[in-house]
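Here's a quick briefing to read alongside the model. Have the viewer open as you go.

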Amino acid sequence: MTYHPVTPEVLSELRAIVGERQVLADAERIEAYGHDETSASEYGHLPEVVVLPTETAQVAEIVRLANRERIPITPRGAGSGLSGGAIPVFGGILLSLEKMNRLVELDLDNMTVTVEAGMVTNDLAHLVQERDLFFAGYPMSVETCFIGGNIAHNAGGGKAIKYGVTGRYVLGLELVTPTGDVVWLGGKLAKNVSGYDLKSLVIGSEGTLGIVTQAIIKLIAQPKAASDLLVLFRTPREAIDLVPIIMAAGVVPTSIEFMDRLSFQTACAYLNETLPLADAGAFLLIEIDGAGPEAVERDLFAVGDLCEQHGALEVYVAEDRNTIERMWTIRRNVPEAFKVASPIQSTEDIVVPIARIPDVLPELERLSERWGIRIPCFGHAGDGNLHAKLVKDPAMDTETWLRHKDACLRELYQVTHDLGGKISGEHGIGLKRKKYLPAVTDPVEIELMRAIKRAWDPHGIMNPGKIFDLDTAPGASGTGVGPDAARPPVAPG
Ligand SMILES: Cc1cc2nc3c(=O)[nH]c(=O)nc-3n(C[C@H](O)[C@H](O)[C@H](O)COP(=O)(O)OP(=O)(O)OC[C@H]3O[C@@H](n4cnc5c(N)ncnc54)[C@H](O)[C@@H]3O)c2cc1C
C-alpha cells in the first residue's frame with residue numbers, strides 16, 4: 001500500500017468538517033495519542049493529525065476524505081488497549097471517539113440501550129443500574145475504556161464466565177466503512193440469520209474494518225444479590241488446580257480471578273491496603289451472584305467448602321458492598337500497581353481450555369528461569385485466561401531485555417498453542433502480537449482474514465499495520481509514508 005501525508009489542504013478540509021477546535025496538529029497536543037497502555041518507547045508512534053468528530057456524519061466525511069487521499073486513519077477509544085491497536089503506526093489521521101459519548105436511547109420495552117461509541121463503560125453501567133438493569137460487560141478498565149473500544153476488542157473481563165464477553169450484548173452497531181459509507185448491522189433483535197453475520201465480524205476486528213459510531217446494547221435484569229470469597233492458598237498451583245474443579249461442580253460463579261502473591265502484594269502496597277497475606281502464595285477472588293441472598297449464600301458455601309476440601313489456607317466471605325468493592329479494587333489495580341513498581345514490562349493475555357490451565361503455571365516458571373525474567377501472574381482463571389506479566393529486572397540491560405522478552409514470548413505462545421490455546425483471549429493482536437501470530441495460526445485462516453480486509457478496505461487505509469500484514473510480498477510494507485518514513489516514534493512516557 002502507498003499512503004500519502006496529511007497536507008495543509010487536507011488539514012483545511014478536516015477543519016471544515018469538524019471545526020477548527022476539533023483538529024489537533026500541534027506536537028504537544030497530539031503526543032498523548034501516540035501510544036496506548038503498551039510501552040510507548042517500543043510501540044509508540046505519532047499521528048500527523050488528531051480529529052475529534054462529534055457525530056457520525058462527520059466520521060463518514062473524514063473517512064471518505066482519507067480514502068480519497070489514501071491517508072491512513074486509526075480509530076481510537078480511551079487508549080487503554082494492551083496490544084498497540086490504537087497506535088497510528090503509519091502516521092496519518094487519528095480519529096478519536098472521545099466527543100461521541102452520548103446516550104441515544106434507553107428502550108425499556110426491548111431492554112436495550114443505544115449509545116455512542118465513546119461512552120465510558122462505567123457510565124453505561126451506572127446509567128442502567130439506576131433502572132435496576134444490568135450491563136454485563138466488565139473489563140477491569142471499566143472506569144476508562146469506551147464501549148467502541150470494547151466492541152473492537154470484544155473485551156472480556158471479570159464477569160465473562162457467567163455472562164460472556166462484550167459481543168454477546170451487542171445486538172446492533174452503526175459502522176462507518178473504510179470507504180465512508182454508513183451502515184447499521186443487526187438491530188434490536190434476539191435472533192437474526194438474514195445473510196452473513198457482519199456485525200459479529202466487526203466485533204473483535206480491532207478497528208480494521210471500519211469505525212463503530214453507535215451500538216445497541218442488550219440489557220438484563222440486575223442480579224438481586226452478590227457476594228464474594230477471597231480464598232488464600234499456599235501455592236499458585238493449588239489455587240489454579242482448583243479452578244477446573246469449581247467449574248465442574250455445578251455452580252457457575254460470576255468470576256474466578258487469580259492473583260499470585262507478588263500480584264496481590266504489589267496491588268496492596270500501591271493502594272496502602274492491609275488485607276491479610278498470612279503464608280499465602282496465591283489468591284482466588286470468587287464472586288457468586290443470583291436471584292436472592294439465600295441462593296447466593298448456598299452457592300457461596302458450596303464453593304467455599306470445595307476450597308477448604310482442596311487445601312485452602314483461609315476462606316474469607318465478603319458480605320457487604322464495601323468489602324466486596326475493597327477486594328475488587330485490589331484485583332482491578334494489579335496492572336496499574338505493576339506499572340508503577342516496574343514500568344518496563346509486557347502484559348500477556350494467553351487463553352487455554354479450562355482443563356489445561358493447571359499446565360500453564362509450571363511452563364511460566366520454566367520460562368522465567370530460562371530467560372531471567374520475573375513472570376508474576378493474575379487474571380480471569382475461570383475463563384482459562386491468564387495475564388502473565390513479563391517484568392524487566394532493573395539490572396538487565398535494555399538490549400538483553402528486548403532479546404530475552406522476544407524469545408520468551410515466542411516460547412510462551414508456542415506452549416499456549418500446544419495446550420490448545422490462543423495467544424490473546426481479550427487484549428487482541430494489534431501491533432504488539434502481529435509478528436507472533438503466523439507461527440501459531442493456520443496460514444489458511446490468515447489468508448481468509450486478508451481476503452476479508454481487502455474486500456472491505458480496498459486501499460488499506462483503516463488502521464493499517466495491525467493483526468497481519470496486508471501485503472505478503474517481501475519488502476511490501478508500503479512505499480511513500482510508512483512506519484519508518486513517517487514521524488519519529490514517541491519518546492518514552
Ligand atoms: C488496567 C487495565 C485493565 C484491563 N482489563 C481488561 C479486561 O479485564 N478485559 C479486557 O478485555 N481488556 C482489558 N484491558 C484492555 C483494554 O482496556 C480493553 O481492550 C478495552 O476494550 C479497550 O478500549 P479502549 O476504548 O481503551 O480502546 P483503545 O485502546 O482506544 O482501542 C483499542 C482498539 O479498538 C479500536 N477502536 C477503538 N474504538 C473504536 C471504534 N469506535 N470503532 C472501531 N475501532 C475502534 C482501536 O483502533 C484499537 O485497535 C485492560 C487494560 C488496562 C489498562
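The notes below cover the ligand site and then the aromatic rings.

This is a predicted model, where local features need pLDDT of at least 70, side-chain atom pairs count only at pLDDT 80 or more, and totals for chains, interfaces and linings use all residues. Residues are numbered from 1 along each chain as its sequence is written, and side-chain values use heavy atoms, with hydrogens and water left out.

**Ligand site**
- A polar backbone atom of Gly81 sits 2.8 Å from a ligand oxygen, a polar contact (a pair of N or O atoms within 3.5 Å).
- For Gly156, a backbone N or O atom is 2.9 Å from an oxygen of the ligand.
- His380 uses a side-chain N or O atom, 3.4 Å from a ligand oxygen.
- On its own the ligand has 980 Å² of accessible area, and the protein covers 96% of that (Shrake-Rupley method, 1.4 Å probe).

**Aromatic rings**
- There are 6 aromatic pairs in the structure (ring centres within 6.5 Å; planes under 30 degrees apart are stacked, over 60 edge-to-face, the rest tilted).
- Phe134 and Tyr163 are edge-to-face, because their centres are 5.3 Å apart and their planes at 70°.
- Both Phe134 and Tyr163 are buried (under 20% relative accessible area, 1.4 Å probe, protein chains only).
- Phe264 and Phe283 are stacked, at 3.8 Å centre to centre with 15° between the planes.
- Phe264 is buried at 1% relative accessibility, and Phe283 is buried at 0%.

How values were computed
A polar contact is a pair of N or O atoms within 3.5 Å; within protein, one must be able to donate a hydrogen and the other to accept it, and residues adjacent in sequence count only if both atoms are side-chain atoms. Buried means under 20% relative accessible area, exposed over 50%, partly exposed in between (1.4 Å probe, protein chains only).
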